[in-house]
Amino acid sequence: MNDITLTENEIKYQSLFESARDAIFVINVEGMYIVDANKQACKLLQYTREELMKKKVFDLHPPEIRKIILQDFFDRVLKINNNLFETVILNREGRRIPVEMSTGEVYKIGEMHVLTGFFRDITERKKSEREVLYLSYHDQLTGLYNRRFYQKELKRIDTQRNLPMTIVICDINGLKLINDSFGHVVGDELLKKVAEVLKSMCRVDDIIARLG
């Protein structure tokens with residue numbers, strides 16, 4: 001009876017493992033290498049299961065952050081059991097994929113200590129966050145920084161080491177007349193043209209903001 005139950009549990013586990021929408025890896029804790037991966041993991045990273053099982057989990061991270069991720073993993077997952085954080089992994093082509101990683105508790109398979117890692121692709125979420133951040137600090141019409149960013153940045157750079165500092169404030173003569181005579185669409189086009197001229201005249205790290 002126990003054998004039948006075990007087989008049923010294994011079948012159920014395998015079904016859930018393979019049908020999950022998240023990429024799932026079973027990771028050997030001692031060696032940090034992958035001992036199993038589901039279909040979504042293979043699809044996300046464009047590797048076969050056999051290829052993934054030849055890799056350590058940190059092989060999937062960009063080289064410059066592997067040491068950081070390794071320390072972060074041990075500190076947050078194995079020591080304090082804080083098992084949810086964001087990282088970046090690489091697919092076969094080297095494309096960076098932002099993911100949210102979570103892990104289960106460490107358990108044993110035979111003599112091997114393993115844990116299950118869940119990787120959720122958050123590319124679209126990160127894109128939305130960047131768009132929200134961009135809109136919060138930029139003027140929607142001209143693409144220049146807005147008053148909010150200008151005031152925040154002015155406080156940051158107003159230090160002794162940045163002096164002398166130059167601030168140029170300009171206005172567009174006759175904008176109200178153009179809006180009244182030709183409509184706001186034409187006035188908006190003038191604002192965008194002026195913004196383009198200012199950007200072409202300034203350095204990349206200069207701050208150009210629309211305060212009105």
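**Entry 1: helix H8**

I began with H8, where I found Gly-187, Leu-191 and Ala-195 buried; buried means under 20% relative accessible area, exposed over 50% and partly exposed in between, with a 1.4 Å probe and protein chains only. Helices here are DSSP runs of H or I with at least four residues, strands are runs of E with at least two, and both are numbered from the N terminus. I noted that this is a predicted model, where local features need pLDDT of at least 70 and side-chain atom pairs count only at pLDDT 80 or more, while totals for chains, interfaces and linings use all residues. Residues are numbered from 1 along each chain as its sequence is written, and side-chain values use heavy atoms, with hydrogens and water left out.

Helix H7 (175-182) is included in what covers the buried residues; contact means heavy atoms within 4.5 Å.

I also checked the length of H8 (residues 184-201): at 1.5 Å a residue its 18 residues should span 26 Å, and the end C-alpha atoms are 26 Å apart, which agrees. The expected span is 1.5 Å times one less than the number of residues.

**Entry 2: strand S1**

Next I turned to S1 (residues 23-28), where six of six residues are buried. Ala-23, Phe-25 and Ile-27 point one way, and Ile-24, Val-26 and Asn-28 the other.

Which strands does S1 pair with? I found six antiparallel bridges to S6 (residues 112-121), with Phe-25 opposite Gly-117, and three antiparallel bridges to S2 (residues 34-37), with Ile-27 opposite Ile-34. Two strands pair if DSSP finds at least two bridges between them. S1 and S2 form a hairpin with five residues between them, and Met-32 in the turn has a positive phi of about 60°.

**Entry 3: the core**

Last, I looked at the largest nonpolar core, which has 24 residues; Phe-25 and Leu-52 are among those that touch the most other members. A nonpolar core is a set of buried Ala, Val, Leu, Ile, Met, Phe, Trp, Tyr and Cys residues joined through side-chain atoms within 4.5 Å. Helix H2 gives the most to this core, with four residues.
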